[in-house]
Amino acid sequence: MAKWTVFEDSNNRGVRRKQMRASLTSRKDLYINGPAREALGFPKAVELLFDATTSRMGIRPVDPKQPNSRLLYSQQGSKHGTISVLAFCSRFNIKPEHRTIRFDEVYVDAEGILILDFHTAKNATRPNAKRKQ
């Protein structure tokens, strides 16, 4: 009888395609997927929030004319969106360094805020390996 070992792959995209997700790159760009953007109502702009006591980031849809708004960019025909969060990361000392941080446990709270929890975030990329010389 065979003793199979299951190949566990946390990056299995097919299973999570319909779940809300977000990623923060080392370049300080925040990507939110289609389901997350849809949950916010496909806004043109958002307001960024931070709760230092719980280490959570919030994203709330707002009017693009509002003073603290950040444009949510998306390519034509694409459902995902991109937000530049360089100043936000600097202000709150968020340093993804040389990795992309993936948020799999994304949800919208009762106030309509998309919540990203840094405690449950995972590294989505491996650090650059040094080449042997």
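Trainee: Hi! How many helices and strands are there in the protein?
Mentor: Hello! This predicted model has three helices and 10 strands. From the N terminus on, the elements run α-β-β-α-β-β-β-β-α-β-β-β-β.

Trainee: And what share of the residues is buried?
Mentor: Of the 133 residues in the protein, 35% are buried. The protein exposes about 9700 Å², and carbon and sulfur atoms supply 49% of that.

Trainee: Let's talk sheets. What is the strand order in the open sheet of five strands?
Mentor: The order is β6-β2-β1-β7-β10, and the pairing is antiparallel.

Trainee: Which are the edge strands?
Mentor: Those are β6 (81–84) and β10 (122–123), each of which pairs on one side only.

Trainee: How many bridges join β2 to β6?
Mentor: Four bridges join that antiparallel pair. If you want a spot to look at, find isoleucine 32, whose bridge partner in β6 is glycine 81.

Trainee: Okay, what about β3? What do β3 and β4 form?
Mentor: They form a hairpin with four residues between them. Seven bridges join these two antiparallel strands, and leucine 49 has glycine 58 in β4 as its bridge partner. In the turn, serine 55 has a positive phi of about 55 degrees.

Trainee: How many bridges join β3 to strand β5?
Mentor: Three bridges join β3 to β5 (residues 69–71), and these strands run antiparallel. There, valine 46 stands opposite arginine 70 in β5.

Trainee: Changing topic: how many residues does the largest nonpolar core have?
Mentor: That core has 23 residues, and the ones with the most contacts inside it are Leu24, Leu30, Ile32, Ile59 and Val85. Several elements give two or more residues to this core, including β1 (22–24), β2 (29–32), β4 (56–62) and α3 (86–91). As background, nonpolar side chains tend to be buried together in soluble globular proteins.

Trainee: Let me pick isoleucine 59. What is it in contact with, leaving aside its neighbours within four places in sequence?
Mentor: Among the contacts of isoleucine 59 are Leu30, Ile32, Leu40, Val46, Ile83, Ile113 and Leu116. Glu47 and Gly112 are on that list too.

Trainee: What about lysine 28, buried or exposed?
Mentor: Lysine 28 is buried, because its relative accessible area of 16% is under the 20% cut-off. Lysine 28 is placed in the loop between β1 and β2.

Trainee: Which residues is lysine 28 in contact with, again leaving aside neighbours within four places in sequence?
Mentor: Lysine 28 is in contact with Ile83, Ser84, Val85, Leu86, Cys89, Ile94 and Pro96. A polar atom of the lysine 28 side chain also lies 3.3 Å from the backbone oxygen of serine 26.

Trainee: You brought up a positive phi at serine 55. Where is phenylalanine 42, and what is its phi?
Mentor: Phenylalanine 42 has a phi near 50 degrees, a positive value in a residue other than glycine. Phenylalanine 42 is found in the loop between α2 (34–39) and β3, and at 37% relative accessibility it counts as partly exposed. For context, most residues other than glycine have a negative phi.

Trainee: And asparagine 93, where does that one sit?
Mentor: Asparagine 93 is in the loop between α3 and β7. Its phi is near 55 degrees, which is positive. Asparagine 93 counts as exposed, because its relative accessibility of 55% is over the 50% cut-off.

Conventions: Residues numbered from 1 in each chain as written. Predicted model: local features only at pLDDT ≥ 70, side-chain atom pairs only at ≥ 80, totals over all residues. Heavy atoms only, no water. Core = buried A, V, L, I, M, F, W, Y, C linked by side-chain atoms within 4.5 Å. Buried < 20%, exposed > 50% of the residue type's maximum accessible area, 1.4 Å probe, protein only. Contact = heavy atoms within 4.5 Å. Pairing = 2+ DSSP bridges. Polar contact = N/O pair within 3.5 Å; in protein donor to acceptor, adjacent residues only side chain to side chain. Areas by Shrake-Rupley, 256 points an atom, 1.4 Å probe, with all protein chains shown as cover.
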